[in-house]
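Have the viewer open as you read.

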Amino acid sequence: MKYYLAILIICLSIFSSAQDNSIPASQETFMKLHYQNSDIAAKMLAYDHVAWVSSDSVQTLSEEELSTYGGQWFCYLDSIGVYHALYGAYDSNYTLTAHYLVDSITYAVNRSFAPFDTTLASSYSKAYNLSLSRKREFLGMDDRLRYNHFIFHTDSTISVHFVPAFQPNGYMIYGAEQHYTLNSDATKIIDTLEYYDEYRGYQQAPVKEITIGFDKLNYNSIGALFFLMYYEQYFKSITIRTNNYITTTIKGKDGDISWLHAERVQPKEKKKKKKKRN
């Protein structure tokens with residue numbers, strides 16, 4: 001699913017719950033962060049789909065093969081547009097259970113016995129373990145929900161993203177997300193972005209228009225955008241409400257989707273008219 005250029009920013013006079021010490025984000029800053037974060041959220045959508053289609057194949061492995069799986073799963077996109085989904089275990093080195101190739105367009109899955117990037121696999125595992133430890137430290141007792149994780153890399157960094165998963169009881173949860181950037185060999189976290197307000201959620205309601213509130217933020221977070229993109233099929237519409245803006249999507253006749261943003265503006269207090277003296 002492709003999301004196209006925002007078509008409109010308007011002023012909308014509404015009562016806001018924004019705190020007095022919040023700093024309004026400029027439209028330029030808001031839009032820059034929106035597209036930066038929506039690009040990451042879109043990659044997370046693809047990553048999640050690779051997880052779904054490849055995990056079905058994992059269920060067909062023999063008991064002997066499954067006995068070697070230690071919960072270390074991730075995928076990466078190679079230079080020719082093919083996802084490598086790796087399932088294995090990590091204990092100072094990465095031990096492979098199964099390796100699948102997933103087409104980035106059709107999502108067709110094929111098992112591979114060809115060599116894979118063992119150095120990257122080990123770095124991903126270390127990055128996940130270190131980030132998971134930091135996430136649990138941050139959430140404390142509130143680390144009780146099922147989360148999905150997403151791992152990406154550049155030449156110099158590895159990034160790990162955590163957002164609440166679709167829960168077994170049917171609830172779609174938002175209100176917390178954690179993002180960590182590590183050096184390329186995953187020995188230390190060099191940047192942290194952690195958010196927790198409170199867990200809130202919805203169950204599927206195709207005729208319902210819902211709003212997810214991130215009133216403490218001045219921008220659309222990665223987690224908020226991922227929630228909208230991932231779960232919009234379960235509702236009539238989803239709107240993200242931040243401190244200063246609201247964001248939703250509109251669908252064109254051809255099925256294309258565009259972003260729609262509106263700026264939240266505090267209504268001005270009306271001046272009381274002075275009574276004329278007789």
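Over the ring of which residue does the charged end of Lys 135 sit, 5.5 Å from its centre? That ring belongs to Phe 162.

## Ground rules

This is a predicted model, so to speak, with cut-offs: local features need pLDDT of at least 70, side-chain atom pairs count only at pLDDT 80 or more, and totals for chains, interfaces and linings use all residues. Numbering runs from 1 along each chain as its sequence is written, and side-chain values use heavy atoms, with hydrogens and water left out.

## Lys 135 and its rings

The charged end of Lys 135 also sits over the ring of Tyr 147, 4.1 Å from its centre. "Over" here means NZ of Lys or CZ of Arg within 6 Å of the ring centre and within 35 degrees of the ring normal.

## Helix H3

Lys 135 is one of the buried residues of H3, including also Leu 120, Tyr 124, Tyr 128 and Leu 139. Buried means under 20% relative accessible area (1.4 Å probe, protein chains only). Helices are DSSP runs of H or I with at least four residues, strands are E runs of at least two, and both are numbered from the N terminus.

H3 covers residues 118-139; at 1.5 Å a residue its 22 residues should span 32 Å, and the end C-alpha atoms are 31 Å apart, which agrees. The expected span is 1.5 Å times one less than the number of residues. After H3 comes Gly 140, with a positive phi near 60°.

## A stacked pair

Tyr 174 and Tyr 202 are stacked, 6.4 Å centre to centre with 15° between the planes. Rings of Phe, Tyr and Trp (its six-membered ring) pair if their centres lie within 6.5 Å, and planes under 30 degrees apart count as stacked. Tyr 174 lies in strand E9 and Tyr 202 in strand E10, so the pair ties together parts 28 residues apart in sequence. Both tyrosines are buried.

Terms used
Buried < 20%, exposed > 50% of the residue type's maximum accessible area, 1.4 Å probe, protein only. Phe/Tyr/Trp six-rings, centres within 6.5 Å; stacked < 30°, edge-to-face > 60°.
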